[in-house]
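Let's take a friendly walk through a protein chain and look at a few of its residues one by one. Keep the picture open beside you as you read.

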Amino acid sequence: MAVAIVDSRISERCERALMLRGFTVIKTPPSKKLGRAVCSHPDMLMFKYENEIITSADYCDEAAYVFSDIREMCPGVKISFTDEGFAKEYPKDAIFNALVSGGKIYCRSASVSPAVTELAKRCGLEVVDVRQGYPACTVLSLGNGVSVTADNGMARALRENGEQVFVIENGDITLPPHEYGFIGGAAGVFGGVAYFLGDLDSHRSANVIKDACKAAKVAPVSLSDEALADLGRIIFIDQ
């Protein structure tokens, strides 16, 4: 069916739920160069658009088997590497953190890897410069021009570019040791389904998120009855 790239700290229940739905799960190990909260978040470790993945040469050395598995399971995917390295301090921890939605890529141009914007431009995506350095974390793009976020700055940028934005309250998403995590890191969308890393109903804005899914014609699926967890998103690759 497809490969699901997930943080190695995914719960057993969520991992099993993905596997029972036919996904092959590939877990990203932590990078020594990133902070503990995000060290194995896929949206911090790589950028994926269509059939291309960009990551750092350093992380490929740390997690060579991950990219070997991706190549073996998804031979149509091109993987390229950049010499840019991660660092624990912002913004060097977010060089791959960019959001693709509605034919545009939202990123903080001053900190995102040039390899990401070059790929975007080559693929015909319009680059939208935003102040938020973690757009992929803070926004859940459901497709069909619909997004969910608790970040007012990102909501404004998305609306200015024609998106229908559903604004939710902060909180109810775990990201230790931080007070809370973000909706973009707590889900992934594939095949007309939004898969949530935990129980969507545990979020105080669950009904707003469900309304957004309805507007996007996407079915919401909770992968477990646990609290929602920000694990840097689920990156899906169609086989």
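D230 is a buried residue without a salt bridge, and R9, the nearest side chain of opposite charge, lies 8.2 Å away. Keep in mind that this is a predicted model.

You can find D230 in the loop between β16 (228-229) and β17 (235-238). Setting aside neighbours within four places in sequence, D230 is in contact with several residues, among them H41, I173, F182 and A186.

Now for charges that do find a partner. Side chains of opposite charge can pair when their charged atoms come close. How many salt bridges does the structure hold? There are 8, and the table shows some of them.

| Salt bridge | Closest N and O atoms |
|---|---|
| R122 and E52 | 3.0 Å |
| R204 and D172 | 2.7 Å |
| K210 and D201 | 2.6 Å |

Take R122 and E52, which form a salt bridge. This pair links distant parts of the chain, with R122 in helix α5 (residues 114-122) and E52 in strand β4, 70 residues apart. R122 counts as exposed because its relative accessibility is 54%, whereas E52, at 11%, is buried.

R204 and D172 form another salt bridge. Here too the pair links distant parts of the chain: R204 sits in the loop between β14 (193-196) and α8 (206-216), while D172 belongs to the loop between β11 (164-167) and β12 (173-174), 32 residues apart. D172 is partly exposed, with a relative accessible area of 28%.

In the pair of K210 and D201, K210 is partly exposed at 32%, and D201 is partly exposed at 48%.

Is T55 buried or exposed? With a relative accessible area of 0%, T55 is buried. T55 belongs to strand β4 (residues 52-56), and its side chain reaches the backbone oxygen of L45 at 2.8 Å. Beyond its neighbours within four places in sequence, T55 has contacts that include M46, F67, F81 and F96.

Y65 is part of helix α4 (residues 64-73) and is partly exposed, at 47% relative accessibility. Which residues does Y65 touch, not counting those up to four places away in sequence? They are K27 and P29. Y65 and I26 lie 39 residues apart in sequence, with 9.9 Å between their C-alpha atoms.

Methods
Residues numbered from 1 in each chain as written. Predicted model: local features only at pLDDT ≥ 70, side-chain atom pairs only at ≥ 80, totals over all residues. Heavy atoms only, no water. Helix = DSSP H or I, 4+ residues; strand = E, 2+ residues; numbered from the N terminus. Buried < 20%, exposed > 50% of the residue type's maximum accessible area, 1.4 Å probe, protein only. Contact = heavy atoms within 4.5 Å. Lys, Arg positive; Asp, Glu negative; His and termini not counted. Salt bridge = Lys/Arg side-chain N within 4 Å of Asp/Glu carboxyl O. Polar contact = N/O pair within 3.5 Å; in protein donor to acceptor, adjacent residues only side chain to side chain.
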